[in-house]
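These notes are meant to be read beside the structure, one point at a time. Please keep the model open and find each residue as it is named.

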Amino acid sequence: MSDRFSALRAAAAHIRPVVTDAGALFVLFFSWTDGSRQATVITSTAASLDDAWQQGIECVEASGVEPRWLRLDWIDAFEPSHWGAVRQQLSRIKRNYFRLGLSLSPDFRHAFLETELNANAMLYGGAQESNAVLNENNFRIYARKRHGLEQVDFGDQAPIWLFTTSGLFVDEGGELHRIQGGGGLEAGRRVVERLDAHQVLRLIIAGSTYLAMQVQEDGRFNYGWHPCFDRPIPAYNSLRHASTLYAMLEAWSVTRDAVLKAAIDRALRCLTETLIARLSLPDGCEAAFLVDTGAEIKLGAMPLPSLRSASMPN
């Protein structure tokens with residue numbers, strides 16, 4: 001673990017302080033998890049980078065969790081705002097797509113990363129809301145858990161500070177990854193200078209291994225998980241079942257992995273025996289349809305070459 005901390009610290013030597021009306025302050029965000037639960041996030045602030053770093057590392061070590069994944073973020077830009085302006089901004093943003101961090105205090109001691117806001121449904125108004133919405137109840141719950149705040153002022157004129165971050169990520173093998181910052185479409189993604197054949201193969205293996213782990217004994221996938229509510233997504237989509245199975249077949253053509261093949265067989269059996277309905281058409285022909293919840297036929301899973309030719313009237 002000490003080697004991973006050392007590698008992270010060496011790569012973070014270039015971090016600059018945030019300059020506010022109160023002076024220069026180093027603001028670091030440490031996130032870590034053992035891989036079985038949502039990450040813990042803490043904010044460390046100090047007048048020097050060494051002090052901010054030491055505070056953060058002490059918190060990680062005191063947690064008693066052996067980090068499988070460790071991430072460091074820092075602020076690279078910020079701007080003051082207020083809740084009224086942010087509410088208007090949220091109305092124009094698709095839910096779960098807010099790309100900024102948010103602080104309730106000018107010294108960033110009560111700050112939340114973009115990932116925290118989205119993962120804890122703090123800007124989520126429910127499935128019926130297509131745009132982002134300030135969810136005051138969820139915000140209060142996480143603000144209490146994260147910062148011990150009992151009260152949050154959500155008045156339109158209450159000041160807040162929006163910010164972007166850059167970051168570093170260390171995986172369980174000690175490999176260090178830079179995380180793109182500065183906002184924009186690439187923000188939050190690992191920086192890949194050059195995508196070569198070795199890296200592509202690693203991605204194929206990692207992605208297909210994960211998908212294989214999601215296939216249950218009956219051939220259905222663990223469809224998904226709501227991290228903010230810590231419960232499974234109850235829905236199922238037969239089209240996504242089929243398209244994911246196709247991706248797994250493409251991966252198996254490269255890896256020839258036996259565990260992946262077994263998962264494919266289970267998922268394929270579920271597709272052909274449960275999710276596909278075979279029916280007789282009015283003209284007596286037999287047809288097969290991929291059927292979803294509510295007897296909905298998923299046309300997106302019907303390959304065009306399988307459609308029978310028909311004479312069209314002039």
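1. The second largest pocket holds about 620 Å³ of space. A pocket here is found on a 1 Å grid over the protein atoms alone, as an open set of points where a 1.4 Å probe fits, with protein on both sides within 12 Å along at least five of seven lines. Grid points are joined across faces, edges and corners, and the volume is the space filled by probe spheres set on the points. This is a predicted model, in which local features need pLDDT of at least 70 and side-chain atom pairs count only at pLDDT 80 or more, while totals for chains, interfaces and linings use all residues. Residues are numbered from 1 along each chain as its sequence is written, and side-chain values use heavy atoms, with hydrogens and water left out.

2. Which residues lie nearest the centre of the second largest pocket? They are Glu 175, His 177, Arg 190, Arg 202 and Leu 203, out of 21 lining residues, where a lining residue has an atom within 4 Å of a point. The lining divides into 10 nonpolar, 5 polar and 6 charged residues; Ala, Val, Leu, Ile, Met, Phe, Trp, Tyr, Cys and Pro count as nonpolar, Asp, Glu, Lys and Arg as charged, and the others, Gly among them, as polar. S8 and H6 each supply at least two residues of this lining, and the largest share, 8 residues, comes from H6. Helices (H or I, at least four residues) and strands (E, at least two) are DSSP runs, numbered from the N terminus.

3. Helix H6 covers residues 197-213, which makes 17 residues, and reaches 24 Å from its first C-alpha to its last, close to the 24 Å expected at 1.5 Å a residue; the expected span is 1.5 Å times one less than the number of residues. At the start of H6, a side-chain oxygen of Asp 196 comes to within 3.3 Å of the backbone nitrogen of His 198.

4. Strand S8, residues 176-179, has His 177 and Ile 179 on its covered face, whereas Leu 176 and Arg 178 are on the uncovered one. In a regular strand the side chains alternate between the two faces of the sheet. S8 pairs with strand S7 (residues 159-170) in the antiparallel sense over 4 bridges, and two strands are said to pair if DSSP finds at least two bridges between them. Ile 179 in S8 is the bridge partner of Gly 167. The hairpin of S7 and S8 has 5 residues between the strands, and Gly 174 in this hairpin takes a positive phi near 90 degrees.

5. The largest pocket contains about 980 Å³ of space. It has 30 lining residues, and those closest to its centre are Thr 33, Arg 37, Gln 38, Ala 39 and Trp 69. The elements that give two or more residues to this lining include strand S2 (23-33), strand S4 (69-82) and H6, and the largest share, 4 residues, comes from S4. By type, the lining has 13 nonpolar, 8 polar and 9 charged residues.

6. Three strands form an open sheet in the order S11-S12-S13, with antiparallel pairing. Strand S11 (276-280) and strand S13 (296-297) stand at the edges with a single partner strand each, so one side of each is left without a neighbour in the sheet. S11 is joined to strand S12 (residues 286-292) by 5 bridges, and in S12 the bridge partner of Arg 278 is Ala 288. S12 is joined to S13 by 2 bridges, and Val 291 stands opposite Ile 297 in S13.

Terms used:
A polar contact is a pair of N or O atoms within 3.5 Å; within protein, one must be able to donate a hydrogen and the other to accept it, and residues adjacent in sequence count only if both atoms are side-chain atoms. Buried means under 20% relative accessible area, exposed over 50%, partly exposed in between (1.4 Å probe, protein chains only).
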